[in-house]
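Subject: Structure handover

Hello,

Here is the structure I said I would pass on. Please open it and keep it beside this message while you read.

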Amino acid sequence: AARGGNASAASDDDAPAAGVATLRATDRRPGYPQREYGDVWRNARCAFLVDLEEVPSERQKLTEAQKAANAGGAEELALKLVGHLSGCGLAIEVTARATRVDWDAARRAALGYSLLMTTVCVVQIALLFRQLHFSRTQAVAARVSLVCVAAQALIDAVVCVANLLLCAAVQTLFAAFAAVAFFELVIFCVVEMRYVVVVFQAHDPQRFWLGAATRRQLAILHAQFYLALFAALCAVYFSRDDVRLVAVVAYSFWLPQIVRNARHEYARPFHDSYLYGMALSRLVAPFYVYAYPYSLVAAIVPNAKLRPLFCLALLAWQAAQVAVLKAQATFGPRFFIPTCFLPARYDYRRPLPALRRPPVRPPPSSSSQPADSRLPTSLSSSSLSSRAHALPAAANANASAANAPPRPDDRLDKF
């Protein structure tokens with residue numbers, strides 16, 4: 001059957017039936033093309049009409065400028081098959097959609113994607129080793145938030161799993177996705193998990209002296225991480241049509257560190273190169289997907305939309321978190337909290353209480369003063385002579401006390 005054509009299901013062996021009424025397409029559904037058929041069908045069988053029409057795709061609705069901007073992208077084609085049985089009250093409607101991909105453009109985009117993400121992964125590995133060297137002491141590692149480091153490892157783990165799935169789904173671009181998945185696996189499974197264990201140990205050093213309990217604690221830590229990874233993959237899957245909300249939540253990984261700094265009054269938990277480098281390198285992936293018109297996503301996904309405003313909002317959100325961390329190192333970890341909400345702190349610089357002194361006697365008149373009264377009261381001859389007699393007596397008393405045997409209560413006082 002073709003557009004506007006008709007087809008019958010009658011056999012040549014059947015004889016024409018007498019008194020069969022002529023079938024007319026008068027009982028068709030509203031909006032269906034009205035056509036009359038004056039032929040007499042054998043055995044009163046229904047006429048089956050099929051219309052094949054092309055449904056306008058999203059690309060056909062675009063303007064010429066938009067089509068030129070997305071010249072190398074994937075295109076979606078749609079066909080609609082409508083069937084109707086005249087006189088039987090039955091209608092069949094089938095819509096088929098297909099995607100046309102320019103594989104030459106897709107391979108070029110995959111090569112650029114692989115090189116870009118590989119470079120970003122190498123830079124992140126170097127930054128992680130720099131931070132591990134900075135946190136080599138327990139005092140510095142204890143400042144780092146465990147949730148902050150684990151959240152960054154979760155982002156790399158989700159990217160790794162996504163690239164592995166794309167390797168299986170798009171066999172033509174297997175090499176590009178496999179290279180990115182390998183480097184992301186090295187980041188989160190080797191380097192970042194090692195850093196998570198270091199921070200976990202620094203938060204409570206005593207737990208690593210418990211023997212079997214230590215292995216149990218590490219097993220619980222890894223189980224919690226992979227359970228969180230499963231939950232993150234489910235969240236990405238259920239929001240696969242629009243993952244912007246999930247991306248905003250994922251890129252809030254500096255917030256736990258801000259809270260920990262304010263709670264425990266820590267400052268400068270990260271090296272500056274790690275702080276700035278991680279904040280910028282993790283923005284490469286969303287900028288590539290939502291702001292680059294010739295990305296791999298635009299080459300294999302039809303009607304991919306660019307969202308530059310979302311990229312700018314994500315950049316501003318990252319800049320705000322980094323600015324708060326630097327302000328905590330400069331103005332204090334609690335600079336943004338009003339003073340009335342802060343707990344009372346012990347003041348180590350309070351003034352010492354005044355010592356109790358004997359009252360000072362008024363000096364006598366000048367006529368009744370002896371010759372040696374010209375000296376200060378504390379250095380008069382009478383006081384000097386009394387001190388001179390008191391010093392040998394005190395020395396003799398100390399010597400006798402040292403030679404005497406110790407009493408039991410003295411030992412208890414010393415203990």
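Start with helix H2 (residues 103-134) and helix H10 (residues 284-291), whose axes cross at roughly 160° and come within 11 Å. At that angle, which is over 145 degrees, the two count as roughly antiparallel, so H2 is roughly antiparallel to H10. The crossing of H2 and H10 is right-handed. On the H2 side, the contact is made by Ala 109, Tyr 113, Leu 116, Met 117 and Val 120, and on the H10 side by Val 284, Ala 285 and Tyr 288. Sorted by class, this contact has eight nonpolar residues, with no polar and no charged ones. Please bear in mind throughout that this is a predicted model.

Which residues of H10 are buried? They are Pro 286, Tyr 288 and Tyr 290. Tyr 288 is also one of the residues in the contact with H2. The buried residues of H10 pack against H2, and also against helix H7 (244-250), helix H11 (296-300) and helix H12 (308-331).

The next pair is helix H4 (residues 146-169) and helix H6 (residues 212-238). Their axes lie 10 Å apart, and the packing angle is about 55°. H4 and H6 are therefore oblique to each other. Their crossing is right-handed. H4 brings Leu 146, Ala 150, Ala 153, Leu 154, Ala 157, Val 158 and Val 161 to the contact, while H6 brings Leu 221, Phe 225, Ala 228, Leu 229, Ala 232, Leu 233 and Val 236. The contact of H4 with H6 has 14 nonpolar residues and no polar or charged ones.

The last pair is helix H8 (residues 255-264) with H12. They pack at an angle of about 20°, and their axes are 10 Å apart. Angles under 35 degrees count as roughly parallel, and therefore H8 and H12 are roughly parallel to each other. H8 and H12 cross in a left-handed way. The residues in contact are Leu 255, Gln 257, Ile 258, Asn 261 and Ala 262 from H8, and Trp 317, Gln 321, Val 324, Leu 325 and Gln 328 from H12. What classes of residue make up this contact? There are six nonpolar and four polar residues, and no charged ones.

Just after H8, Glu 265 has a positive phi of about 60°.

Finally, some totals for the chain. How many helices and strands are there? The chain has 14 helices and three strands. Of its 415 residues, 30% are buried. The accessible surface of the chain is about 26800 Å², and carbon and sulfur atoms account for 63% of that. Among contacts between residues at least 6 apart in sequence, 72% join residues at least 24 apart.

Regards

Note on methods:
Residues are numbered from 1 along each chain as its sequence is written. This is a predicted model: local features need pLDDT of at least 70, side-chain atom pairs count only at pLDDT 80 or more; totals for chains, interfaces and linings use all residues. Side-chain values use heavy atoms; hydrogens and water are left out. Helices (H or I, at least four residues) and strands (E, at least two) are DSSP runs, numbered from the N terminus. Buried means under 20% relative accessible area, exposed over 50%, partly exposed in between (1.4 Å probe, protein chains only). Contact means heavy atoms within 4.5 Å. Accessible areas come from the Shrake-Rupley method with a 1.4 Å probe; for residues, only the protein chains shown count as cover. Axes are lines fitted to C-alpha atoms, for helices over the stretch in contact, and angles run from 0 to 180 degrees between N-to-C directions. Angles under 35 degrees count as roughly parallel, over 145 as roughly antiparallel, 65 to 115 as roughly perpendicular and the rest as oblique. A crossing is left-handed if the near helix is turned anticlockwise from the far one by less than a right angle, and right-handed if clockwise. Ala, Val, Leu, Ile, Met, Phe, Trp, Tyr, Cys and Pro count as nonpolar, Asp, Glu, Lys and Arg as charged, and the others, Gly among them, as polar.
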